[in-house]
Amino acid sequence: MTLNQLYYFQAIARYENYRKAAEDLYISQPSLSRSIAALESELGILLFEKSGRGVQLTKGGRLFLEYVNRIISECEIAKNKMKELSDDGGRIDIGYVFPLASRYIPHHVRNFLNRDENKRVTFNFYQNHTPAIAGKVLSGELDVGFGGYMDRDDFEFFPVLSDEIVLITPKEHELAGRESVSLQEVNHYPVIGYDQSSWLGNYTKQLYKRFSLQPNIVVDCPDEHSIVAMVSEDFGIALVPDIEEIDENRVNIHHLNDIDLINQTFMFWQRDRYQLPAVERFIEYMKQQACVAE
């Protein structure tokens, strides 16, 4: 059974006449008759019976038509959806790390959608740590991810943000009033860390190892919001990117005077994988915004 045979069957059922159906389908009447005969042979049932100069559906033919109409309707919907995707519409699935949730992603997605060519685009959002996001990009569940850099040959990476890493302390901490401090201070006080499953959790772990630091990490947190909350309540100090979410009214922000640490956020997608035109436009848009920000 082929899709063409279903279209042929539907046309004959509509016209109740092989000649008119053949004219509408732009095929010869003998070819149409052979195709329907083959379909009836495959199904093991007679679909049409003669009625005057034309034909009419048998009982089995009427039942078969109900299924054929649904199948063809779904095919037409699928075809229209694919045309929509190939033109300017479609859904973009993106994943991003927690610091980008409050403004960066909503702001840029809104501006992207405000462009005339993107009016028919929709977005699906996923928020998690970089490794989880990368896993979904690899499986195809996400089109684009935003997070830390990974040494992967199957991904393309493009830097979109750079933030200085600073030390934050409680407002009444003994380091208060000092604009800059040494990285070594993390050895002298309890430290609030990142979840080890996160990119920054692994990054700070390697950083401490590289500089032979052995901080007393009292708790791991999933994001900057929870880290700031813990620091503000005097549970410890923390190394974090200097992003908008770090509220100076709640904690002290200290620059590091003995080392320059930068946290880069990257946009990444799977190398050599077909992307919908809308996804390609979004990637190019985000690249342009990153260049403007520089």
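## Exposed and partly exposed loop residues

Asp234 is exposed, with a relative accessible area of 57%. That exceeds the cut-off, because exposed means over 50%. This residue sits in the loop between helix H8 (224-232) and strand S10 (238-241). Asp234 is not a glycine, yet its phi is positive, at about 70°. The model described here is predicted.

Glu16 also has a positive phi, near 55°, and is a residue other than glycine. Its place is the loop between helix H1 (3-15) and H2. With 44% relative accessibility, Glu16 counts as partly exposed.

Is Gln214 buried or exposed? Gln214 is exposed, and its relative accessible area is 70%. The loop that holds Gln214 runs between H7 and strand S9 (216-221). The C-alpha atom of Gln214 is separated by 8.2 Å from that of Val186. Along the chain, Gln214 and Val186 are 28 residues apart.

Glu185 is found in the loop between strand S7 (180-181) and strand S8 (190-194). Glu185 is buried, at 11% relative accessible area. It counts as buried because the cut-off is under 20%. Leaving out residues up to four places away in sequence, Glu185 touches Leu167, Leu175, Arg178 and Ile237.

## Chain dimensions and contacts

The chain has nine helices and twelve strands. Its radius of gyration is 31 Å. A compact globule of 294 residues would have a value near 19 Å. Taken along the principal axes, the C-alpha atoms fill a box of roughly 100 × 35 × 35 Å.

Of the 294 residues in the chain, 44% are buried. The accessible surface comes to about 15900 Å². Carbon and sulfur atoms account for 48% of that surface. Consider the contacts between residues at least 6 apart in sequence: 73% of them join residues at least 24 apart.

## The largest pocket

What is the volume of the largest pocket? The volume is about 490 Å³. The largest pocket is lined by 31 residues, and the closest to its centre are Pro99, Leu100, Leu161, Asp163 and Ile243.

Four elements each supply at least two residues of this lining: helix H5 (104-113), strand S6 (155-170), helix H7 (199-210) and strand S12 (262-270). By class, the lining of the largest pocket holds twelve nonpolar, twelve polar and seven charged residues.

## The second largest pocket

The second largest pocket holds about 190 Å³ of space. Its lining has 13 residues, and those closest to the centre are Tyr18, Lys50, Arg53, Gly54 and Val55.

Helix H2 (18-25), strand S1 (48-51) and strand S2 (54-57) are the elements that give two or more residues to this lining. Which element gives the most to the lining of the second largest pocket? S1 does, with four residues. The lining of the second largest pocket divides into four nonpolar, five polar and four charged residues.

Note on methods:
Residues are numbered from 1 along each chain as its sequence is written. This is a predicted model: local features need pLDDT of at least 70, side-chain atom pairs count only at pLDDT 80 or more; totals for chains, interfaces and linings use all residues. Side-chain values use heavy atoms; hydrogens and water are left out. On a 1 Å grid over the protein atoms alone, a cavity is a set of points where a 1.4 Å probe fits but cannot get out, and a pocket is an open set with protein on both sides within 12 Å along at least five of seven lines; lining residues have an atom within 4 Å of a point. Grid points are joined across faces, edges and corners, and a volume is the space filled by probe spheres set on the points. Ala, Val, Leu, Ile, Met, Phe, Trp, Tyr, Cys and Pro count as nonpolar, Asp, Glu, Lys and Arg as charged, and the others, Gly among them, as polar. The radius of gyration is taken over C-alpha atoms; the globule rule is 2.2 Å times the number of residues to the power 0.38. Buried means under 20% relative accessible area, exposed over 50%, partly exposed in between (1.4 Å probe, protein chains only). Contact means heavy atoms within 4.5 Å. Accessible areas come from the Shrake-Rupley method with a 1.4 Å probe; for residues, only the protein chains shown count as cover.
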